[in-house]
Amino acid sequence: MERKATVSDAELEILEALWSAGKALNANEIRGILNQSRNWERTTVLTFINRLLKKGVIGQEKREVYYYTPCIEREEYVKEETKNFLKKFFGGSSKNLAAALVNSEALSKEDIEELRDYFNQNMEEGRGKTK
């Protein structure tokens with residue numbers, strides 16, 4: 001992913017609307033989706049759309065009005081943000097993240113068991129990485 005700019009929480013809501021729609025949307029359609037949980041004015045939505053365009057996170061196509069599509073898949077975005085989070089707070093170490101979660105009691109015993117089973121299954125399927 002070439003995106004280097006940070007996406008704000010509000011901008012992420014625009015992206016989520018586009019990802020969930022699975023097709024190009026115009027500003028009014030985006031606003032309609034967002035207004036199910038937000039009450040943003042049209043100008044607010046347009047401001048966030050313009051910011052995302054400048055950052056290269058979404059693209060636009062002129063039809064009768066402008067239609068917008070994400071330039072990145074949600075899964076790729078989440079993967080990149082997860083890497084950034086690990087680098088920023090845990091020196092890039094997922095082991096340190098897991099330790100922090102366990103030590104903060106954010107994970108229940110059941111959560112830990114599910115994660116163990118998940119890791120074991122992925123190791124058996126050859127998806128585990130070695131450093």
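## Basis

The model is predicted, so local features need pLDDT of at least 70 and side-chain atom pairs count only at pLDDT 80 or more, while totals for chains, interfaces and linings use all residues. Residues are numbered from 1 along each chain as its sequence is written, and side-chain values use heavy atoms, leaving out hydrogens and water. Helices (H or I, at least four residues) and strands (E, at least two) are DSSP runs numbered from the N terminus.

## Packing of H1 against H2

Helix H1 (residues 9-21) packs with helix H2 (residues 27-34) at an angle of about 100°, and their axes are 10 Å apart. Axes are lines fitted to C-alpha atoms, for helices over the stretch in contact, and angles between N-to-C directions run from 0 to 180 degrees. H1 is therefore roughly perpendicular to H2. Angles of 65 to 115 degrees count as roughly perpendicular, under 35 as roughly parallel, over 145 as roughly antiparallel, and the rest as oblique.

In this contact (heavy atoms within 4.5 Å), H1 contributes Glu13, Ile14, Ala17 and Leu18, and H2 contributes Ile30, Ile33 and Leu34. By class, the contact of H1 with H2 has six nonpolar, no polar and one charged residues. Ala, Val, Leu, Ile, Met, Phe, Trp, Tyr, Cys and Pro count as nonpolar, Asp, Glu, Lys and Arg as charged, and the others, Gly among them, as polar.

## Packing of H1 against H3

H1 also packs with helix H3 (residues 42-55), at an angle of about 85° and with the axes 10 Å apart. H1 and H3 are thus roughly perpendicular to each other. On the H1 side the contact is made by Ala10, Glu11, Ile14 and Leu15, and on the H3 side by Val45, Phe48, Ile49, Arg51, Leu52 and Lys55. The contact of H1 with H3 divides into seven nonpolar, no polar and three charged residues.

## The E2-E3 hairpin

Strands E2 (residues 58-62) and E3 (residues 66-70) run antiparallel and are joined by five bridges; two strands pair if DSSP finds at least two bridges between them. The two strands form a hairpin with three residues between them. Glycine 59 stands opposite threonine 69 in E3.

Asparagine 103 is in helix H5 and is exposed, at 64% relative accessibility. Exposed means over 50% relative accessible area, buried under 20%, and partly exposed in between (1.4 Å probe, protein chains only). Asparagine 103 and glutamate 64 are 39 residues apart in sequence and 55 Å apart in space, C-alpha to C-alpha.

Glutamate 105 lies in the loop between helix H5 (94-103) and helix H6 (109-124). Glutamate 105 is exposed, with a relative accessible area of 70%. Although it is not a glycine, glutamate 105 has a positive phi of about 60°. Most residues other than glycine have a negative phi.
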